[in-house]
Amino acid sequence: MSSMLRGFHSVNKSAVLSQCFSSAQRSMGTTSVKNSHLTMQVKDEVAVITLDNQGSKVNSLNLQVMEEFQEIFDKVQSNSEVKAAVIISGKKNGFVAGADIEMLKNAGDKDQVAAISRRGQELFMQVEKSKKPFVAAINGAALGGGLEIALACHYRIATNSPSTNLGLPEVMLGLLPGAGGTQRLPQLVGIPASLDMALTGKNIKPVKAKKMGLINQIVEPLGPGLMDADTNTRLYLEEVAIQTAKDLASGKTKKAKKRDTTQDNVISAALGIAKVREYFFENVIKAKVTKQTKGLFPAPLKIADVVKAGIAGGPKVGYAAESEGFGVLSETKESKALIGLYDGQTHCKKNLYGAPARPAKNIAVLGAGLMGAGIVEVSLAKGYDVTMKDMNTKGLGRGQEQIYKGFNLSSKKRKISTFKRDQLMGSLKTSLEYSDLSNADMVIEAVFEDIDLKHKVIKETEAIIPEHCIFASNTSALPIGEIAKASIRPDKVIGMHYFSPVDKMLLLEIITTEQTSQDTIASAVQVGLKQGKLVIVVKDGPGFYTTRLLAPTLSEVLRILQEGVSPQKVDSLAKGFGFPVGIATLLDEVGIDVGHHVSEYLGGAFGERFAGGNPEVLQRLVSAGFVGRKSGKGLYVYDAKNPKNRPVNADAIKIVEEYKLSPVESVSSDSDLQMRLISRFVNEAVMCLQEEIITDPLAGDIGAVFGLGFPPHLGGPFRYVDLHGAKQLVDNMLRYEEAYGVAFKPCELLMKHANDPSLRFHK
């Protein structure tokens, strides 16, 4: 669909390089402006407008930034010595990350939010209509409002840096692009490509952006010289942009044209016909969105409507629909939930425990299985020196093969080069001997979930490792305090619960005991953050936080299956509520053997509160070899050659039917089945907060969504209660308690919120 608009802009690179190092000493020209967030310097008749939010790692757009930009824009227009302008970031690596979320959260009602949108539209329209050309010089992320200001410019240049991404991610916050993005983007890249970007929020890399017509020129980043590489690249980008701006002003270079291909002209002509346009948006675009999202996310549907409005009624109608839609979406529960998750992700990317006294550099991983190899992969990728130990060469070979597949896939996707892939694999140390752990700063064990085995491993490890070394256990349920009983240094023992597949799942659950030192926690959090994880820290106890939420939910799934509901229907109901993966499928993915082990262990720890289906069913399935995807059969049958063909395992269902239960009709409607699953999940989360297993609802929401797949449009169990009310949930649970007993008894804290609607988990 997309085509190359033009070749690379011709630039005398050596001449530019000779200038870039002297730019700091260059005269500021006749005009300079310095505000809190924006500065302007006139260089060679070009106003260089630099955005640099003070006290922030990234640039964002708020009302103050917009007012400062208006002031500078007016000076550019009124200064006869200025012929053109360049907009660039003062950050070494990052253009503009988008609108300031706090501004939107504090804006007020939908009308006030819509007014913010209109202000952005008006400001960027002034840029678009300026007779003096504006050039956007992009290095790093240009997202949301950052891309929208670039779209308003007459020319866009981007560095071909790994950190340079262009996108409109507002849909991921339950919003739409509110500063002209829905109207300008289709003009530049065509309607199908613009819808793809706006509806998915995907990032576009510079090379693809150039082919699409999203940017007009690519600048290759520079290496270090008299200054560091980032500074050199930024100065070089500025010089190229200044020269381009001068050429635009003189007419030597033409302003970027609107997309004009035969295909685009055909599509535009077709969509100019009302019936065709209506069919395309309603029966193709919105139908596909509804199918993929189950209609649970209003933002993508509204985006489609706004783009359609612009096509049907022209720019004035389109911009009005955009600002109105922006305001309407800001008041939806879905947007509030998704913005809450954004806040949670930001929160869980910080080390609240400070810097460790001795940051880990050398990591050893015990066990080369699925989890162990995954931990090795994410550690190697982030620059750690890693030793992988296993009991035999076969195990090591299997682990190395998994790691290589992961890095090779990254190279095929051009995330890393083949040279980097081979370099990473070459840096991996493998061993069969504990003696090779003598220089480790942290050991992460990923052996089988057996307390005796873990005791044996910790004793053998501590006989070799230095005193400062931390011992971390990747257990999903066994109490860290019990594991630490075998340790001679329990203050150095901590839990690091990764989720499978480790290279894809973002969550890391760190588990602390009363003996775990603050420095040990700080070091574990630092390692997790460097590995690219969202880190939550929880207190020790059976199942910790995430497994404790999952266990009663899976127990209820088993009961529902015994009541005669098929695995496909269980999955359909769960996905219809917003779970990305059906919960019957989740049981197969986790492993029915693991589910049985956890069910037995936590059932013993929590008694009837974790009751549901008969655990003997799981034991029978395991004995029959039906342990899930890893064995090829679980509740479903898996075919590696045809993964989409996944029939129900009839033999597994026969076993389930031997333990058939009669459903209680009054609590067995589809909505009741959904609520039976969700209520046990949410109640257990609130119970964990009540018992101080977790102390932070924000981290609790992140753990549930990114570790267990809790519906993101609900924002996590605590945000769900805040937005949808505890009383309705409790009323349903009381009905279920009458039918099934104590498993559905609401915890004290949930009852407290149900009795007082003013209470909120999130302030």
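This is a predicted model: local features need pLDDT of at least 70, side-chain atom pairs count only at pLDDT 80 or more; totals for chains, interfaces and linings use all residues.
Helix H14, residues 333-347, packs against helix H29, residues 717-724, at an angle of about 150°, and their axes are 10 Å apart. Angles over 145 degrees count as roughly antiparallel, and H14 and H29 are therefore roughly antiparallel to each other. Their crossing is right-handed.

Which residues meet there? On the H14 side they are Lys333, Lys336, Ala337 and Gly340, and on the H29 side Arg719, Leu723 and His724. Sorted by type, the residues of this contact are two nonpolar, two polar and three charged. If you want to find the contact on your screen, Lys333 in H14 and His724 in H29 are among the residues to look for.

Now the cysteines. A reminder for anyone new to this: a disulfide is a covalent bond between the sulfur atoms of two cysteines. How many disulfides does the count come to? The count comes to zero. The cut-off for the pair of sulfur atoms is 2.5 Å. Take cysteine 688: its closest cysteine sulfur belongs to cysteine 747 and lies 9.3 Å away, so the two are too far apart for a bond. Looking from the other end, cysteine 747 has the sulfur of cysteine 688 as its nearest cysteine sulfur, at 9.3 Å, and is in no disulfide.

Are these two cysteines buried or exposed? Buried means under 20% relative accessible area. Cysteine 688 has 0% relative accessibility, so it counts as buried. Cysteine 747 has 3%, so it counts as buried too.

That covers the helix pair and the cysteines.

Definitions and conventions. Residues are numbered from 1 along each chain as its sequence is written. Side-chain values use heavy atoms; hydrogens and water are left out. Axes are lines fitted to C-alpha atoms, for helices over the stretch in contact, and angles run from 0 to 180 degrees between N-to-C directions. Helices (H or I, at least four residues) and strands (E, at least two) are DSSP runs, numbered from the N terminus. Angles under 35 degrees count as roughly parallel, over 145 as roughly antiparallel, 65 to 115 as roughly perpendicular and the rest as oblique. A crossing is left-handed if the near helix is turned anticlockwise from the far one by less than a right angle, and right-handed if clockwise. Contact means heavy atoms within 4.5 Å. Ala, Val, Leu, Ile, Met, Phe, Trp, Tyr, Cys and Pro count as nonpolar, Asp, Glu, Lys and Arg as charged, and the others, Gly among them, as polar. Buried means under 20% relative accessible area, exposed over 50%, partly exposed in between (1.4 Å probe, protein chains only).
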